[in-house]
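Please keep the sequence and the model in view while reading.

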Amino acid sequence: MAMTEGANRYLPDYSSHPVQHHFSPYSDNGGSIVSIAGDDFVVIGSDTRLSSGFSIHTREQSKLFQVSNSSVLGSTGCWCDTLTLTRLVEARMKMYEHSHNKVMSTPAIAQMLSTMMYYKRFFPYYVSNVLAGLDTEGKGCVFSYDPIGHFARSDYRAGGSAGALLQPLLDNQIGLKNQEGVTAAPIPLERALAILKDVFISAAERDIYTGDGIEIKIITKDGIRTESFGLRKD
């Protein structure tokens, strides 16, 4: 009897239920992005919270990357993928400038980013990208992406963990969806900034991965300037 019990110690325990082991190479570190374009400007903002689950790693992490004098890339999601992708974009930008002796335009950057993401389609970057800048005519433009590189140009776009909460507000306030008796008109810079701050305040009330503060990049023909705005920190 003692020998049998001793031998059973080295055998698997089949009395319990099967355990499914799961591994994911991705981690979602949260964050949200909003961009609004006007006739001669574009603003892009992101929150500054970097978290994982219920843990906040930092409350002061910028998610906006200036890739040229007239273009800013906002990227959230898996932070290691974000860093890898933005470093590759920066390297490609330098290679282009050395080869052609000029800086890549915002629409060209949008196409390049699409190609880079599609190249990784079988193991995609786990990021939500929004590219904002001025086109060759000086007009504001916003490009949004899916995980494998399909992109579309628009006048406003939200992405990231609170994208589904932010986009309907933008559709209503800027796209004038579901409104009667209104006339579409170019949005001024002051109103674009006010709407951007309002939608982030709303998202911070509902999304635990969005909060702490907003970093805003304002892109005009005179260059890029930065503003900040505080959000709730709980």
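## Terms and basis

A residue is called buried if its relative accessible area is under 20%, exposed if over 50%, and partly exposed in between, with a 1.4 Å probe and protein chains only. Helices (H or I, at least four residues) and strands (E, at least two) are DSSP runs, numbered from the N terminus.

The model is predicted: local features need pLDDT of at least 70 and side-chain atom pairs count only at pLDDT 80 or more, while totals for chains, interfaces and linings use all residues. Residues are numbered from 1 along each chain as its sequence is written, and side-chain values use heavy atoms, with hydrogens and water left out.

## Helix 3 and its cover

In helix 3, the buried residues are Thr106, Ile109, Ala110, Met112, Leu113, Ser114, Met116 and Met117. Which elements cover them? Strand 5 (64-68), strand 6 (71-77), helix 2 (79-100), strand 7 (127-134), strand 8 (140-145) and strand 9 (151-154) are included in the cover of these buried residues. Contact here means heavy atoms within 4.5 Å.

The length of helix 3 (residues 106-119) can be checked against a simple rule. The expected span of a helix is 1.5 Å times one less than its number of residues. For the 14 residues of helix 3 this should give 20 Å, and the end C-alpha atoms are 20 Å apart, which agrees.

Strand 6 is mostly covered, with 7 of its 7 residues buried. In a regular strand, side chains alternate between the two faces of the sheet. On one side of strand 6 the buried residues are Ser71, Leu73, Ser75 and Gly77, and on the other they are Val72, Gly74 and Thr76, so that both faces are covered.

Two strands are said to pair if DSSP finds at least two bridges between them. Strand 5 and strand 6 pair in the antiparallel sense over 4 bridges, and they form a hairpin with 2 residues between them. Within this pairing, Leu64 has Gly74 in strand 6 as its bridge partner. Strand 6 also pairs with strand 7, again in the antiparallel sense, over 7 bridges; here Ser71 stands opposite Gly133 in strand 7.

Strands of a sheet pair through backbone hydrogen bonds, either parallel or antiparallel. An open sheet of 5 strands has antiparallel pairing and the order 10-1-2-11-12. Strand 10 (156-160) and strand 12 (223-230) stand at the edges, each with a single partner strand, so one side of each has no neighbour in the sheet. The twist from one strand to the next averages 15°; axes are lines fitted to C-alpha atoms, for helices over the stretch in contact, and angles run from 0 to 180 degrees between N-to-C directions.

Strand 1 (residues 32-37) pairs with strand 10 over 5 bridges in the antiparallel sense, and Ile36 has Tyr156 in strand 10 as its bridge partner. Strand 1 also pairs with strand 2 over 5 bridges, antiparallel, and a hairpin through 4 residues joins the two. How enclosed is strand 2? Since 6 of its 6 residues are buried, strand 2 is largely enclosed by the rest of the structure. Val42 of strand 2 has Ala37 opposite it, and Val42 also stands opposite Ile219 in strand 11. Strand 2 and strand 11 run antiparallel and are joined by 6 bridges.

Helix 5 (residues 189-206) lies across strand 1, strand 2 (42-47), strand 11 (213-220) and strand 12, and runs at about 20° to strand 2.

## The chain as a whole

The protein chain has 5 helices and 12 strands. Of its 234 residues, 43% count as buried. Along the principal axes, the C-alpha trace spans about 90 × 50 × 30 Å. Residues 24 or more positions apart account for 62% of the contacts with a separation of 6 or more.
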